Amino acid sequence: MSLTASTMMPLGTPAPDFNLLDVRSGQQATLQDCAGAQGVLIAFICNHCPYVHHIEDELIELAWDYQARGIAVVAISANDVESSHEDGPLRMQDRASAKGYPFPYLYDETQEVARAYDAACTPDLFLFDGQLKCVYRGQFDASRLDNGIEVTGNDLRRACDALLTGDPIDPNQTPSVGCNIKWKTGT
């Protein structure tokens, strides 16, 4: 496992479109299908990453809290399944079911979507407003695997709350850190 920081997409960047398999429904899903009226959180995650496991339950809670208020949540896994077998669609479907994901879990087999978002790690989090412009990218909160800080999602929750109330979102945002995305060799 290689600790990697997010690359921090420039604020205001339009959300790159996608058309990916939702392993929960078996249907294709586009950005427009997944976006909420107030915005959308795109979370690059995977099944095996300990950093994702560390925040996963609270991410699910956050999804329940904000989806009801118009901010959709979408998870995307882009890892190369040749090197990370547990991150393939069948295991993704099992994980989504076992954990009760209340959001689509999309499979980026070609890794083109991860590259379009300049995603670097899992988790890598991108919050877009109702016009699909990036308003937050960075850490879930200050909790890490070994620092003893409780997982709350406070950084992301503050951004979501500000988005919903129309208040400014602090542009001083801390990168997320986690496992590097497992890129296909030769790409």
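Visitor: How far does helix 5 (residues 154-165) reach from its first C-alpha to its last?
Guide: In this predicted model, helix 5 has 12 residues, and at 1.5 Å a residue a span of 16 Å is expected. The reach from the first C-alpha to the last is close to that expectation, at 16 Å.

Visitor: Which residues of helix 5 are buried, and against which elements do they pack?
Guide: Buried here means under 20% relative accessible area, and the residues of helix 5 that count as buried are D155, L156, R157, A159, C160, A162 and L163. A helix has 3.6 residues a turn, so residues three or four places apart point the same way. The buried residues of helix 5 pack against strand 4, helix 2, strand 5, strand 8 and strand 9.

Visitor: In what order do the seven strands of the open sheet stand, and which of them are at the edges?
Guide: The pairing in this open sheet is mixed, and the order of its seven strands is 3-2-6-5-4-8-9. Each edge strand has a single partner strand, so one side of each is left without a neighbour in the sheet, and these edge strands are strand 3 (28-30) and strand 9.

Visitor: How many bridges join strand 2 (residues 19-22) to strand 3, and which residue is the partner of L20?
Guide: Strand 2 and strand 3 run antiparallel and are joined by three bridges. Within strand 3, the bridge partner of L20 is A29.

Visitor: What angle does the direction of helix 3 make with that of strand 6 (105-107)?
Guide: Helix 3 packs on the sheet, where it touches both strand 5 and strand 6. The direction of helix 3 makes an angle with that of strand 6 of about 175°.

Visitor: Which residue in the hairpin of strand 8 and strand 9 takes a positive phi?
Guide: Four residues lie between the strands of this hairpin. The residue with a positive phi, near 65°, is L132.

Visitor: How much space lies in the largest cavity, and which element gives the most to its lining?
Guide: A search of the whole structure finds one cavity of 30 Å³ or more, and the space in the largest cavity is about 100 Å³. Of the 13 residues that line it, the closest to its centre are I55, P123, S143, R144 and V177. The element that gives the most to the lining, with three residues, is helix 2.

Visitor: Which element supplies the largest share of the lining of the largest pocket?
Guide: The largest pocket has a volume of about 160 Å³, and the residues that line it include Y136, P168, I169 and D170. Also in this lining are D155, R158, A159 and A162. The largest share, four residues, comes from helix 5.

Terms used:
Residues are numbered from 1 along each chain as its sequence is written. This is a predicted model: local features need pLDDT of at least 70, side-chain atom pairs count only at pLDDT 80 or more; totals for chains, interfaces and linings use all residues. Side-chain values use heavy atoms; hydrogens and water are left out. Two strands pair if DSSP finds at least two bridges between them. Helices (H or I, at least four residues) and strands (E, at least two) are DSSP runs, numbered from the N terminus. Contact means heavy atoms within 4.5 Å. Axes are lines fitted to C-alpha atoms, for helices over the stretch in contact, and angles run from 0 to 180 degrees between N-to-C directions. The expected span of a helix is 1.5 Å times one less than its number of residues. Buried means under 20% relative accessible area, exposed over 50%, partly exposed in between (1.4 Å probe, protein chains only). On a 1 Å grid over the protein atoms alone, a cavity is a set of points where a 1.4 Å probe fits but cannot get out, and a pocket is an open set with protein on both sides within 12 Å along at least five of seven lines; lining residues have an atom within 4 Å of a point. Grid points are joined across faces, edges and corners, and a volume is the space filled by probe spheres set on the points.
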